[in-house]
Amino acid sequence: MNTTIGKGITITGSIQAGESVTIAGTVNGDVLASDYDVTVEAGARIDGAVTARSITVKGRSTGRLIARDVVRVQHTAAVKGDVAAPRLSLEEGATFNGSVEPAKADAAMIVAAYRNKNAPARPA
């Protein structure tokens, strides 16, 4: 299964996903899909941390990217934030402003999951 956040959708707040997520709209908050894939489509935007098995960015991402397997930054992407993943794929033409920490991927996944579980509920 796969959840798609459509082009005309803006979400403010954290997302916890039990399946792969494709973002075509805007997310202002963190995305936690530790065992699944997250894709940020061209024209989409995420302002927050993304934690996933693999992350593919084709649009804009501002915030930490934490992946168990790989972070792919494609030629249409603009990424501003640190990456914690064992592998990083950066295509020619992509914009990347941050640091890469391959050795810290597992620890970052654990911390992100803990913080998300213990985050206080936000009023609606």
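Helices (H or I, at least four residues) and strands (E, at least two) are DSSP runs, numbered from the N terminus. The model is a predicted one, in which local features need pLDDT of at least 70 and side-chain atom pairs count only at pLDDT 80 or more, while totals for chains, interfaces and linings use all residues. Residues are numbered from 1 along each chain as its sequence is written, and side-chain values use heavy atoms, with hydrogens and water left out.

**Exercise 1. The open sheet**

Task: State the order of the 6 strands in the open sheet, and explain why one side of β2 and of β14 is left without a neighbour.

Solution. 
Step 1. Two strands pair if DSSP finds at least two bridges between them.
Step 2. The open sheet has the order β2-β5-β7-β9-β11-β14, and its pairing is parallel.
Step 3. β2 (10-12) and β14 (95-97) are at the edges with a single partner strand each, so one side of each has no neighbour in the sheet.
Step 4. On average, neighbouring strands of this sheet are turned by 5° against each other, direction ignored. Here axes are lines fitted to C-alpha atoms, for helices over the stretch in contact, and angles run from 0 to 180 degrees between N-to-C directions.
Step 5. Within this order, β7 (residues 45-47) and β9 (residues 60-62) are joined in the parallel sense by 3 bridges. Ile-46 has Ser-61 in β9 as its bridge partner.

**Exercise 2. Salt bridges**

Task: Find how many salt bridges the whole structure has, and describe those that involve Arg-68, Arg-53 and Arg-45.

Solution. 
Step 1. A salt bridge is a side-chain nitrogen of Lys or Arg within 4 Å of a carboxyl oxygen of Asp or Glu. The search of the whole structure gives 5.
Step 2. Arg-68 and Asp-35 form one of them, at 2.9 Å from N to O. This pair links distant parts of the chain, with Arg-68 in β10 and Asp-35 in strand β6 (residues 31-40), 33 residues apart. Arg-68 is partly exposed at 34%, and Asp-35 is partly exposed at 46%.
Step 3. Arg-53 and Asp-37 meet at 3.1 Å, N to O. Distant parts of the chain are again linked, Arg-53 being in β8 and Asp-37 in β6, 16 residues apart.
Step 4. In the salt bridge of Arg-45 with Asp-47, the closest N and O atoms are 3.0 Å apart. Arg-45, at 34%, is partly exposed, as is Asp-47, at 27%.

**Exercise 3. The nonpolar core**

Task: Identify the residues with the most contacts inside the largest nonpolar core, and list what Ile-55 touches.

Solution. 
Step 1. A nonpolar core is a set of buried Ala, Val, Leu, Ile, Met, Phe, Trp, Tyr and Cys residues joined through side-chain atoms within 4.5 Å.
Step 2. The largest such core has 24 residues, and those with the most contacts inside it are Ile-23, Val-31, Val-38, Ile-55, Leu-65 and Val-71. Two or more residues come from each of β4 (20-23), β6, β8 and β10.
Step 3. Not counting residues up to four places away in sequence, Ile-55 touches Val-38, Val-50, Leu-65, Ile-66, Ala-67, Val-70, Val-71 and Arg-72.

Methods. Buried means under 20% relative accessible area, exposed over 50%, partly exposed in between (1.4 Å probe, protein chains only). Contact means heavy atoms within 4.5 Å.
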